[in-house]
Amino acid sequence: MKNYIYNSLLSLLMVFTFTSCEDFLAEEPRQIVSPSNFFNSASEVQSAVNGLYNIYKNNSLHAKIGLDRFYENGADVIGPNREFGQVEPIQNYTLNEGNVGDISQGGGAPITWQDLYRIIQNANIILANVEGNEDISAENRDQFVGETLFLRAYAYYHLTNLWGDVPYFRDVLPIEEIRVLGRTDVNEIRNEILQDLQTAQDLLPDSYGDSELGRASKWAAATAMVKIYLIQEKWQEARDKAVEIINNSSHALLDNYADVFAPDNEYNDEVIWAIDFVKDINQDDWPDHFTPRIRDEPQNSDERPALSSALSERSEGFTGYGLAIPLPDYVNEFPENDLRRSSNIVETYLGYALNFPYMPKMWNLDQINSPRGNHGDNKIIFRMADVYLMAAEAENELNGPADAYQYINQVRERAYEPNQPLSGLSQQAFREAIYDERRWELGGEGHRRLDLIRWGILLDVVQNTEYRIYNPAANIQPHHVLLPIPVEELRLNPALLESDPSNNGYR
C-alpha cells in the first residue's frame, strides 16, 4: 500500500529546482514559494527551467518503472518475471478506478497525473515571467521559452496519450479556476501543442555543448511533432517532419546497434534526447530509474553460488527488478539472424543459463559505478532509428512502399549481415513489416503499447500473445486503451465527469 502526501492538481504550489548552469542536473535542489521576487536574471530563469527537467526524473515519469508501466506493460515485448502488484493492473488488464493508484513503485497513475500538471503549472508561470522580460537578453529568452514550450507540450503529450480529453490551460490560473476545469477535446490540445512544438523547434539550438547535454534541442521538439502527427494520422506532416530531421539534424544512425546503449557513450550521435540522470546527488526520487538487470537465480539454482561469485569478480550482482524481461513470444519470434537480438535478449551470462531471459541493451551491471538506487545511466527518450521508422510508416501510408523502403532499410542495414533489405511488398505487407521492425528495434524503450493503440491492434495483439505470468487476453476490453482519471481528482473536481460520465469507459 503506497504512502504519500496527496498533492493534487488543485493544491499545486510553485516549486522550482535550482541547479548549476555548468552541470545542469547534478546539484541539490532547493525550493521557493513565490515567483514574485524571481526571474530577475538569466541564471534564475535557467534554474526554474531546470526544475521542469527534474520533475521528469521523478518515479512517476521517467525514473524507476515510470511511464514505462503504461507504455510497455500490457503489450507484446516485456513483462514481469513474477506476480507483482505494481504492474499487475496494466499488465493483466484488471485496471479499474479502484486499483489505478496501485501501480505505484514511488509513482502510480495519480502521481503521474499530478506531476505532469505540476510541470504545466510551473511552465505557465515561467512563460508569463519570461516573455517580454527586459532583464534577460533576447537570445536567452528564446532559449528559455523554447525549452519551456517543449517541456509543457511533452507533459500534455503524455496526458493525452494516457487519458485522452484532459483539463487544458496555458495561462497562470488561480486554484479556484483550475478546480472547475472540465476536459478539453484531445484533438484541440494536440493541435495547439503542435504549434508550441514548432515554435520550440524554431527557437531552440541544433545541439549543446558538453556542459549542457540533456537539454532538449530543436530536434527533440521536431521528433515529438512526428509522434503526434502519426497519432493523428496526418501522414504528410509526419513524413515531412521526419525527413526534415533526417536531412537537417546532426543526428545519425550508428553503425553498431549495441553502441547506441553504451553507458560510456550516452550522448552518441543517434540519441536525440535523453533524461540525464546523475550519480551521487542524494535524491529520494532519482536517479534510480528502472533498468532490467539480472535479478534471479540461474536456471540451475545449484549454480547460484558460482554465478554470484563470477558476477562479484566483475563487480556485478543480482540487483535487477525482474519487471521488464522479454515475453516468451518476443524471445521465440525475434529473428535468430537479427544482430539486434543479442542486445534485446540474453538467455545465458558468463556461461550460465539464466532462469529468465533479460534485455541487456539497457542494463549496466557495474555495481561500483552504477549501483542500484544510485546511478547516472540516462533514459533515452528519442533516437534516430525511431525517426527513420516513423518516416517509413508515414510514407507508406501516404504513397505506398515505393519510397518508404529507403527509410526502413537504413535501419535494417545494421541488423543483418549480409544485408536483407525489404522489397516487393504491398502497402499492407509493408505496414505489417513496420509493426515487426519497431518491435525489434525499439523493444522495451517505451513506445510499444502506444504504437499498438494508435495502429488499432492492441486488443488483437494482447489476445494472441503468450505471457509468462498473467492472462491479459481474458481481461482486456476496448476501453483499456486509456486510463481512468484518478478518483482523487474526480472527488476534488466533479467537472471532470461532465463531458464523459463513464470516466473513459470505467463506469
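Modeller: Arg 454 and Glu 393 form a salt bridge, with their closest N and O atoms 2.7 Å apart; the term means a side-chain nitrogen of Lys or Arg within 4 Å of a carboxyl oxygen of Asp or Glu. This is a predicted model, in which local features need pLDDT of at least 70, side-chain atom pairs count only at pLDDT 80 or more, and totals for chains, interfaces and linings use all residues. Residues are numbered from 1 along each chain as its sequence is written, and side-chain values use heavy atoms, with hydrogens and water left out.

Helices are DSSP runs (H or I, at least four residues), numbered from the N terminus. Arg 454 is buried, with a relative accessible area of 15%, and Glu 393 is buried at 5%; buried means under 20% relative accessible area (1.4 Å probe, protein chains only).

Helix α13 (residues 384-399) also holds Asp 386, and helix α8 holds Lys 227, so their pair ties together parts that are 159 residues apart in sequence. Lys 227 and Asp 386 form a salt bridge with the closest N and O atoms 2.8 Å apart, and both are buried.

A further salt bridge joins the side chains of Arg 215 and Glu 147 (2.9 Å, N to O). Arg 215 is in the loop between α7 (186-203) and α8 (218-232), and Glu 147 is in helix α5, 68 residues apart. Arg 215 and Glu 147 are buried. The structure holds 36 salt bridges.

Key. Helix = DSSP H or I, 4+ residues; strand = E, 2+ residues; numbered from the N terminus. Buried < 20%, exposed > 50% of the residue type's maximum accessible area, 1.4 Å probe, protein only.
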